[in-house]
Amino acid sequence: MATRLKTLRLIMLVVFALPIAARAALYAVEAHPRGWRDANWSSTHLLPPAASDAPARVMVFAARAGGWKSIFAVHTWIVVKPANATQYTRYDVMGFGQPVRINLHDPDAYWFGDRPQLVADVRGERAAAAIPKIEAAVKAYRYASYGSYRVWPGPNSNTFTATILRAAPELAVAMPSEAVGRDFRGDTFVGLTGSHTGVEFSIYGLLGAKLGWVEGIEVDFMGLVAGLDLRHPALKIPCFGRLGVDPIPTAAAQPA
């Protein structure tokens with residue numbers, strides 16, 4: 001029994017503690033904005049003008065969180081554009097005031113000075129069918145009142161993005177593994193994964209596991225996730241995210 005406990009402690013150290021230490025060391029030597037006002041929130045111009053891109057689109061972006069939170073997590077948001085629309089609509093959650101914000105920043109803006117990555121980009125009929133579901137889910141989001149935001153274990157910005165994506169499982173979007181708070185549901189959950197391609201259990205987003213084609217194999221400990229990406233072979237490393245040949249598998253969400 002003692003040997004098994006020692007082995008378990010060693011596994012936890014290698015899988016979870018060492019990545020935290022490595023990310024913290026990087027944070028210590030990197031330059032960071034001194035505060036909210038000093039950060040860059042301008043557009044990265046990753047997206048073309050909406051009017052020049054006719055098909056409907058649903059996109060998920062992620063960028064490192066601000067301040068010390070960047071050691072552990074990314075901030076995620078959703079951008080939608082109906083077919084032939086002349087502007088994008090961005091949905092995300094903030095940690096102060098009214099949590100749910102619409103078009104507070106440009107759809108492809110820097111987040112606290114960090115350049116966002118495109119996690120998923122769904123176009124065409126599948127996106128068009130999902131947009132009404134997304135809009136309805138935003139309106140029905142249960143943690144939209146003042147004071148409902150909580151950094152850890154949730155509900156936070158990643159809780160919001162994950163909740164909205166669960167309303168349209170056909171999009172087959174896997175949330176970034178370093179999106180701390182994505183698995184918070186307010187209670188214990190056992191059932192289908194967000195994409196409905198597997199099964200999962202979660203205890204308040206603090207302890208859980210997933211096995212699914214879209215989500216891969218994941219173990220959640222205190223909101224940090226380790227695992228394997230099955231569709232696009234890669235490791236999922238706590239605090240760092242995916243480590244594989246294709247770091248941003250946007251093609252996974254494209255129409256067939």
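Q: How much space lies in the largest cavity?
A: The largest cavity holds about 190 Å³ of space. A cavity here is a set of points on a 1 Å grid over the protein atoms alone where a 1.4 Å probe fits but cannot get out. Its volume is the space filled by probe spheres set on the points, with grid points joined across faces, edges and corners. The structure is a predicted model, in which local features need pLDDT of at least 70 and side-chain atom pairs count only at pLDDT 80 or more, while totals for chains, interfaces and linings use all residues. Residues are numbered from 1 along each chain as its sequence is written, and side-chain values use heavy atoms, with hydrogens and water left out.

Q: Which residues lie nearest the centre of that largest cavity?
A: V173, M175, G194, S195 and E215 lie nearest the centre, out of 20 lining residues. A lining residue has an atom within 4 Å of a point.

Q: Which helix gives the most to the lining of the largest cavity?
A: Helix α3, residues 157–166, gives the most, with three residues. Helices (H or I, at least four residues) and strands (E, at least two) are DSSP runs, numbered from the N terminus.

Q: And the lining of the largest cavity by class, what does it have?
A: The lining has nine nonpolar, two polar and nine charged residues. Ala, Val, Leu, Ile, Met, Phe, Trp, Tyr, Cys and Pro count as nonpolar, Asp, Glu, Lys and Arg as charged, and the others, Gly among them, as polar.

Q: How many cavities of 30 Å³ or more does a search of the whole structure find?
A: The search finds three.

Q: Which residues line the second largest cavity?
A: Among them are R182, D183, K210 and E218. Strands β7, β8 (207–212) and β9 (216–221) each supply at least two residues of this lining. By class, the second largest cavity is lined by three nonpolar, two polar and six charged residues.

Q: Which residues are linked with R182 and D183 in a network of salt bridges?
A: K210, E218 and K236 are linked with R182 and D183 in that network. A salt bridge is a side-chain nitrogen of Lys or Arg within 4 Å of a carboxyl oxygen of Asp or Glu. Between D183 and R182, the closest N and O atoms are 3.3 Å apart.

Q: Is D183 buried or exposed?
A: D183 counts as buried, at 6% relative accessibility. R182 is buried too, with a relative accessible area of 4%. Buried means under 20% relative accessible area, exposed over 50%, and partly exposed in between (1.4 Å probe, protein chains only).

Q: How many salt bridges does the count come to?
A: The count comes to 13 salt bridges. One of these joins the side chains of D53 and R57 (2.8 Å, N to O), and both D53 and R57 are buried.

Q: Which residue forms a salt bridge with E170?
A: K133 does, with the closest N and O atoms 3.0 Å apart. E170 lies in the loop between α3 and β6 and K133 in helix α2 (residues 125–140), so the pair ties together parts that are 37 residues apart in sequence. E170 counts as partly exposed at 30% relative accessibility, and K133 counts as partly exposed at 38%.

Q: Changing topic, what order do the seven strands of the open sheet have?
A: The order is β6-β7-β8-β9-β10-β11-β12, with antiparallel pairing. Two strands pair if DSSP finds at least two bridges between them. β6 (188–192) and β12 (241–244) stand at the edges with a single partner strand each, so one side of each is left without a neighbour in the sheet.

Notes
1 Å grid on protein atoms, 1.4 Å probe; cavity = no way out; pocket = protein on both sides within 12 Å on 5 of 7 lines; lining within 4 Å.
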